Amino acid sequence: MRKAFSIISEADGQSDHQLLARSQGGEKQAFGLLVKRHQNRLFAVAYRFMKDRDLASELVQEALFRAYKKQDTHSGGSVKAWLTRITVNTCLNEIRKRKRLVFSEDSMDRWLSTDQKTDPAHKAQAGELREVVKSQVEKLSARRQSVLALSALGYSYDEMSEALELSVSQVKSELFRARKKLRETLKEYRS
Amino acid sequence: MTDCEQFQEAMDDVLAQGGTPDEFSPQCRTHLHDCSECRDFVEESLELNRLMEEPVPFPPEDMVEQVMARIEADQLSEPRLPWAERFAWAASGAVAMYCVERIPQYSSSMWTTMESVLTQSESLLKVPLAMSPSFLVLMALSLLLVQTALIYRTRALV
């Protein structure tokens with residue numbers, strides 16, 4: 001507890017860039033301060049993708065480890081966006097790996113649950129709608145899932161643009177299309 | 001793109017960031033007042049926002065310690081002879097430069113100082129002075145091969 005408190009007070013007043021510069025200079029403790037500062041947000045990003053606390057935690061650790069290993073390649077932009085980008089990529093890689101492993105069974109089940117097995121009259125609508133949306137989100141492209149996840153966590157368009165290496169207009173367009181698809185799904189579900 | 005589509009895009013820009021209809025531009029609000037289709041759009045978007053909301057748990061308390069422990073462990077397992085790779089690059093680079101410099105068509109005045117230093121070294125080390133260009137090229141290539149082998153050996157320790 002005392003250790004965590006001293007880490008927070010030490011980080012006060014220092015920008016992300018200052019901490020990263022110290023870390024690049026060999027001060028591992030400075031990287032620890034960066035981790036402390038951003039862990040909640042990065043964990044939220046990973047949790048949005050994976051929906052599993054343990055897996056999200058594992059992937060954030062992996063992402064932060066990778067960030068430390070390649071900290072010298074940081075190009076000078078926002079550190080938060082850089083860490084987010086590494087976390088998003090780590091999660092997407094994991095999702096790709098898992099999809100390859102469980103594609104047939106998992107996707108069949110999803111199709112059945114959304115297209116054939118739904119019976120709105122007999123299920124609690126709010127929970128069901130949430131499931132419908134979730135299921136549709138998983139069918140979106142990785143890029144659209146990423147913009148949806150980050151926007152739901154309060155990332156600004158500029159931050160998403162930097163984190164996902166897209167222009168702001170691309171981010172807006174991807175987000176609009178993703179949300180459009182979800183609105184259509186809701187409409188279809190209701191009709 | 002129709003007027004409605006343009007307004008919907010502008011309104012969704014606000015709503016997708018967690019904004020509310022109060023934050024719409026005056027033009028959007030005027031349009032919304034007269035367009036039931038866009039009012040439906042806004043309602044659906046707000047509902048979508050509610051459905052997308054979900055509580056996110058906190059990360060484990062020892063996240064920082066876990067990450068730092070992994071970094072520590074990785075550093076401990078790094079090769080003990082990182083200088084070997086650097087030395088290989090420097091040595092083979094210097095010798096390759098020397099070999100190229102000795103080929104008459106590549107000689108230039110900028111190497112004069114190096115030439116005198118190397119000539120002195122040659123006399124000290126008793127290295128033969130008259131070497132053919134093809135021999136020098138062969139020597140440079142051999143050194144590059146040795147360097148590559150040394151680098152692979154170093155990396156194999158990782």
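User: How many helices and strands are there in chain B, and what makes a stretch count as one or the other?

Analyst: Chain B has seven helices and zero strands. Helices (H or I, at least four residues) and strands (E, at least two) are DSSP runs, numbered from the N terminus. Along its sequence, chain B therefore reads α-α-α-α-α-α-α. The model is a predicted one, in which local features need pLDDT of at least 70, side-chain atom pairs count only at pLDDT 80 or more, and totals for chains, interfaces and linings use all residues. Residues are numbered from 1 along each chain as its sequence is written, while chains are lettered from A and ligands numbered from 1 in the order in which they are written.

User: What is the pattern of chain A?

Analyst: Chain A contains nine helices and zero strands, and its pattern along the sequence is α-α-α-α-α-α-α-α-α.

User: Why is F31(A) called buried?

Analyst: A residue is buried if 20 or more other C-beta atoms lie within 10 Å of its own, exposed if 12 or fewer, and partly exposed in between, with C-beta atoms placed from the backbone. F31(A), which is found in helix 3 of chain A, has 22 C-beta neighbours inside 10 Å and therefore counts as buried.

User: What share of each chain is buried?

Analyst: In chain A, buried residues make up 33% of the 191 residues. In chain B, 15% of the 158 residues count as buried.

User: Which residues is F31(A) in contact with, leaving aside its neighbours within four places in sequence, and what makes a pair a contact?

Analyst: Two residues are in contact if their C-beta atoms, placed from the backbone, lie within 7 Å. With neighbours within four places in sequence left aside, F31(A) is in contact with S23(A) and Y68(A). F31(A) and L64(A) are 33 residues apart in sequence, with a C-alpha to C-alpha distance of 9.4 Å.

User: What share of the contacts joins residues at least 24 apart in chain A?

Analyst: In chain A, 62% of the contacts between residues at least 6 apart in sequence join residues at least 24 apart. For chain B, residues 24 or more positions apart account for 70% of the contacts with a separation of 6 or more.

User: How do you know that the buried residues of helix 2 of chain A are on the same side?

Analyst: In helix 2 (residues 16-24) of chain A, the residues L19(A), L20(A) and S23(A) are buried. They cover an arc of only 100 degrees around the axis, so they lie on the same side of helix 2 of chain A; the arc is that of the directions from the helix axis to the C-beta atoms. Just after this helix, G26(A) takes a positive phi of about 110 degrees.

User: Why are K51(A) and E165(A) called exposed?

Analyst: K51(A) is exposed because 12 other C-beta atoms lie within 10 Å, and E165(A) counts as exposed because it has 10 C-beta neighbours inside 10 Å. K51(A) is in the loop between helix 3 and helix 4 of chain A, whereas E165(A) lies in the loop between helix 8 (157-164) and helix 9 of chain A. Although not a glycine, K51(A) has a positive phi of about 60 degrees; E165(A), also not a glycine, has a positive phi of about 55 degrees.

User: Why are helix 7 and helix 9 of chain A called roughly perpendicular?

Analyst: Their axes come within 9 Å and cross at roughly 95 degrees. Axes are lines fitted to C-alpha atoms, for helices over the stretch in contact, and angles run from 0 to 180 degrees between N-to-C directions. Angles under 35 degrees count as roughly parallel, over 145 as roughly antiparallel, 65 to 115 as roughly perpendicular and the rest as oblique. Helix 7 and helix 9 of chain A are therefore roughly perpendicular to each other.

User: Which residues of the two helices meet?

Analyst: From helix 7 of chain A, R143(A), R144(A), V147(A), L148(A) and S151(A) meet V171(A), E174(A), L175(A), R177(A) and A178(A) of helix 9 of chain A.

User: What makes a set of residues a nonpolar core, and which members of the largest one touch the most others?

Analyst: A nonpolar core is a set of buried Ala, Val, Leu, Ile, Met, Phe, Trp, Tyr and Cys residues joined through C-beta atoms within 7 Å. The largest has 57 residues, of which L34(A), A46(A), V60(A), V147(A) and M160(A) touch the most other members. Helix 3 of chain A gives the most to this core, with twelve residues.
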